Structures are given as C-alpha cells and as structure tokens.
Amino acid sequence: MPHQDPLPNANVTHRLVPSPAGRIHLVEQGSGPLVLLVHGFPESWYSWRRQLPVLAAAGYRAVAVDVRGYGRSSRPEAVAAYRMTELVADSVAVVEALGERSAVIVGHDWGANIAAHSALLRPDVFRAVGLLSVPYTPPGGPKPSEVFAGMGGEDEFYVSYFQEPGRAEREIEPDVRGWLAGFYAAFSGDTMPAPGAPDPHFVSPGATLRDRFPTDRLPSWLGEAELDVYAAEFERTGLTGALNRYRCMDRDWEDFQSLAGAPIPQPSLFLGGALDASTTWLADAIEAYPTTLPGLHSSHLLEGCGHWIQQERPDEVNQHLTAWLANLPT
C-alpha cells in the first residue's frame, strides 16, 4: 500500500545535541528505555518514521538520528572524519546528551555497521544491538578496497565507484531527486530489475550508476511527498558527507585490526530482506551468527523484501523489534 503522508507522526521532538564533530540532529518520541535508531545510505532519520510511534507506544524512548554528514547534523570536510571510530563516538555522545547511561542501538544498512561497532567498542553503553539488512561481519579479513576491486569483471562495483571524491557527486547532484528515486527503486523488492537484467550494484565502463536504475516506477513504500523529503535534504546538503563513509573503509580495516574476528556478545537481532543482495552475498556471515553473535535472539529474512526493510515492511519490522525489545533483560 503506498504511503503518501510525508510526516505521518507529528508527535516528535527535534533536537540538536553536541557531538565530537559539532552537533547531531535527532528526532525523539516516547519515554522509557532508550532505543537509538541509526539510518543508512542515502537516507536520514526519516527512514524510521514508521518505527518511532510504534516504539513509543510500546514504552520506549525512541530516538532516530541524522548520522554525521547527513541532514541537520554536522558535516566535517575531512574524509577521515567519517571513519567508524568517529561514528561510534557520535553514538555515545547522543546517549550522554540525552542524559542516559545505556541504550539499545538498532541500525539499517551503514547504520547496522555503526550499531554493530558501537556495541563492539562500547558494551558499557550499548546493552543490545539490532541489525537490519546488513549482517554483522567481524573485523579482519582482506583489505576492503582490494575485495571490491576484484568484483564485477569489466564492470565496477558501486563501492569502488564511490571512492574517488567528487566522482559520484557529479553524477548525483545535478538531479538529486531523480537519482534517489532510481536508487530506491533499484533495491526495493517490488521495483528492482528482473533477474538477468544488468545488476544496479555495478557500473559499466564509461557509464554511470544510474544507467541501470528503473526510471518508470516508484516503490510502493515511497510516495511522491516522501521522496520530496529525502530529495530536499540532499539538495541542501549535497552527497559528499554521506559518500565519505564509503571512502573510509580501508581506514576502518586498519583501525580494527586488533579486533579481528571479535564477536558481539550482547543480545542481538537480525532482520533482512530475502531479495536483498546484502543478505544473499553475505549468507556466510548469517550462517556464522552462532559464533559471531552468540547473544542472537532471532534472525529473520522477510520474503519478497528488498533492501529498505523498515520502510518496505514496517509492520513486520515493528513486530519483530517490539517482541525482541520486550524480551531483553532490564
């Protein structure tokens, strides 16, 4: 069912709180134990609009942030300011600024990585972790840039394409709204290219990423007004802050060498889309959860669902989240 209302929930509070980079913008609703919601690329706090009221009604203080580089949060110029250790510091700063001592952290896409590493580095603050779409893979292994460079044959993997500062921006920023619409459609369960069509995760030589995006349809979860909300934010901020996260992957690999193979022992939850490449390519990571996530409560793949899981399937995600939260030790 299409969702046309850009702001379905008016009972939220917008705040700016101090962080190591300057400020983090957050949106909160409800009272009770803190649940911190961290978005991915290319989104904002707004990707959690269908979770905030449900978590609040279930008795939680639900807080969705704009990650550093996005929205009304600070956007440092240095690429290194977007390394994972800095984003974990932001997560901790938000908890402290809200006057809390601990939180459950839930992330989607890059936010899942931020949530996982926040739990890994600061178990004293993050008592449980929920991961959406992107499975936990412990630090270590081969250098990321070398892995990505070897994917796709003659085609270039999108993560490699994002590495050079300014390159992806030149593609995206002349038509932010159109690019976002295509990107969301390319990885949604109901609008993604058919099996056998050119894979939108890859760029042909001399082409652009958007050449493989659908251009004639929006996903059922994304109304025109909702797309306007996303487009307006990125038209204002540009994409560099968001893309700089990809440009720090080798730095993260170096930063976390001492934690190679480290498990996350806290209570955890994983939700993924059965049609999402993040879950099919990383199927081995999901199979390794008994070792890497020994506190795992449950892991669910939603049939017919693509990458934007909490927006494609808000009711199912909300049911899984609230059931998991209710079972956490207090």
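**Cavities, pockets and sheet**

Reply: In the largest cavity, β3 and α2 (84–97) each supply at least two residues of the lining. Please keep in mind throughout that this is a predicted model.

Me: Which element gives the most to the lining of the largest cavity?
Reply: The lining of this cavity includes Leu36 and Val38, and also Leu87, Asp90, Ser91 and Val94. Strand β3 covers residues 34–38, whereas α2 covers 84–97 and, like β3, supplies at least two of the lining residues. With four residues, the element that gives the most to the lining of the largest cavity is α2.

Me: How many charged residues are there in the lining of the largest cavity?
Reply: The cavity holds about 100 Å³ of space, and among the residues that line it are Asp66, Arg68 and Asp90. Asp and Arg both count as charged. By class, the lining has eight nonpolar residues, one polar residue and, as the charged share, three.

Me: What is the volume of the second largest cavity?
Reply: By the rule applied here, the count comes to two cavities of 30 Å³ or more. The second largest cavity is lined by residues that include His39, Tyr70, Trp110, Gly241 and Arg245, and the lining divides into seven nonpolar, three polar and two charged residues. The volume of this second largest cavity is about 70 Å³.

Me: Which residues lie nearest the centre of the largest pocket?
Reply: About 1,100 Å³ of space lies in the largest pocket, and α3, α4 (144–149), α5 (158–161), α10 (249–255) and α11 (277–281) each supply at least two residues of its lining. The residues of that lining divide into 25 nonpolar, eight polar and four charged. Of the 37 lining residues, those nearest the centre of the pocket are Asn113, Thr137, Phe148, Met249 and Leu282.

Me: Which element supplies the largest share of the lining of the second largest pocket?
Reply: This pocket has a volume of about 340 Å³, and it is lined by 19 residues, of which Met192, Pro193, Asp199, His201 and Leu275 lie nearest its centre. By class, the lining residues divide into 12 nonpolar, five polar and two charged. The largest share, three residues, comes from α11.

Me: Which strands stand at the edges of the sheet?
Reply: Eight strands form an open sheet with mixed pairing, and their order is β1-β2-β4-β3-β5-β6-β9-β10. A strand at an edge has a single partner strand, so one side of it is left without a neighbour in the sheet. The strands for which this holds are β1 (13–19) and β10 (296–302).

Me: What angle does the direction of helix α3 make with that of β6?
Reply: Strand β5 (residues 103–108) and strand β6 (residues 126–132) run parallel and are joined by six bridges, and in β6 the bridge partner of alanine 103 is phenylalanine 126. Helix α3 (residues 110–121) packs on the sheet and touches β3, β5 and β6. The angle between the direction of α3 and that of β6 is about 155°.

Me: Over which residues is the pLDDT below 50?
Reply: The mean pLDDT of the protein is 95, and 97% of its residues reach 70 or more. The stretch in question has 21 contacts in the model beyond near neighbours in sequence, although its pLDDT is below 50; it covers residues 1–6.

Definitions and conventions. Residues are numbered from 1 along each chain as its sequence is written. This is a predicted model: local features need pLDDT of at least 70, side-chain atom pairs count only at pLDDT 80 or more; totals for chains, interfaces and linings use all residues. Side-chain values use heavy atoms; hydrogens and water are left out. Two strands pair if DSSP finds at least two bridges between them. Contact means heavy atoms within 4.5 Å. Axes are lines fitted to C-alpha atoms, for helices over the stretch in contact, and angles run from 0 to 180 degrees between N-to-C directions. pLDDT is the predictor's confidence in each residue, from 0 to 100. On a 1 Å grid over the protein atoms alone, a cavity is a set of points where a 1.4 Å probe fits but cannot get out, and a pocket is an open set with protein on both sides within 12 Å along at least five of seven lines; lining residues have an atom within 4 Å of a point. Grid points are joined across faces, edges and corners, and a volume is the space filled by probe spheres set on the points.
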